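Me: Could you take a close look at the sheet in this one for me, and at what packs around it? I'd like one connected walk-through.

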Amino acid sequence: MSRADVDRYLAELDHPLAGTLAELCAIVRAADPRVQETIKWNAPSFFIAEHFATTGLSPRGQLRLVLHTGARKLSEPLVVTVAGADGLLEWKGTDRAVVIVRDAEQLEGIREELGSVLRQWIAQTQPAQTQPAQTQPAQP
């Protein structure tokens with residue numbers, strides 16, 4: 001799966017927030033030129049060396065962006081720290097956080113802050129010199 005698969009998924013998504021999800025994906029892509037994407041866990045998911053962000057539709061009809069440290073549980077969880085994300089991240093552990101997006105207006109309001117969060121997350125969870133992946137990371 002690839003960017004074309006994600007674009008097809010977004011084009012075929014019958015949901016009131018489909019356009020907002022497409023914009024959320026664009027924000028993730030813009031965070032680092034090495035970002036690759038695929039459909040994983042039935043939603044757009046992003047990786048460099050490992051998956052680090054996965055989108056989804058929450059049961060409440062909102063969008064969520066789950067920031068994590070990969071598809072496999074690490075024997076020693078990372079402790080990710082993010083500056084300037086007060087109120088944006090809902091921490092689910094030291095290595096996992098969720099951003100909830102209610103609508104396009106809210107996403108536009110958090111665009112810069114979210115970009116900063118993503119760059120910090122990538123810097124702490126992905127190898128510094130990784131070139132864009134030609135294939136997907138190993139499956140769990």
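Reply:

**The sheet and its surroundings**

6 strands make up an open sheet, ordered β1-β2-β3-β4-β6-β5, with antiparallel pairing. Strands here are DSSP runs of E with at least two residues, helices are runs of H or I with at least four, and both are numbered from the N terminus; two strands pair if DSSP finds at least two bridges between them. At the edges sit β1 (36–40) and β5 (90–93), each pairing on one side only. From one strand to the next, the twist averages 25°.

Bear in mind that this is a predicted model, where local features need pLDDT of at least 70, side-chain atom pairs count only at pLDDT 80 or more, and totals for chains, interfaces and linings use all residues. Residues are numbered from 1 along each chain as its sequence is written, and side-chain values use heavy atoms, leaving out hydrogens and water.

Now zoom in on β3 (residues 51–57) and β4 (residues 63–67): they run antiparallel, joined by 5 bridges. Within that pair, T55 stands opposite L65 in β4. Helix α1 (residues 3–12) packs on the sheet, touching β1 and β2 (43–47), where contact means heavy atoms within 4.5 Å. The direction of α1 makes about 55° with that of β1 (axes are lines fitted to C-alpha atoms, for helices over the stretch in contact, and angles run from 0 to 180 degrees between N-to-C directions).

L65 turns up again among the residues with the most contacts inside the largest nonpolar core, along with F52, L114 and L118. L114 touches L65 as well as L24, I27, L88, V99 and L107, leaving aside residues up to four places away in sequence.

Terms used: Core = buried A, V, L, I, M, F, W, Y, C linked by side-chain atoms within 4.5 Å. Buried < 20%, exposed > 50% of the residue type's maximum accessible area, 1.4 Å probe, protein only.
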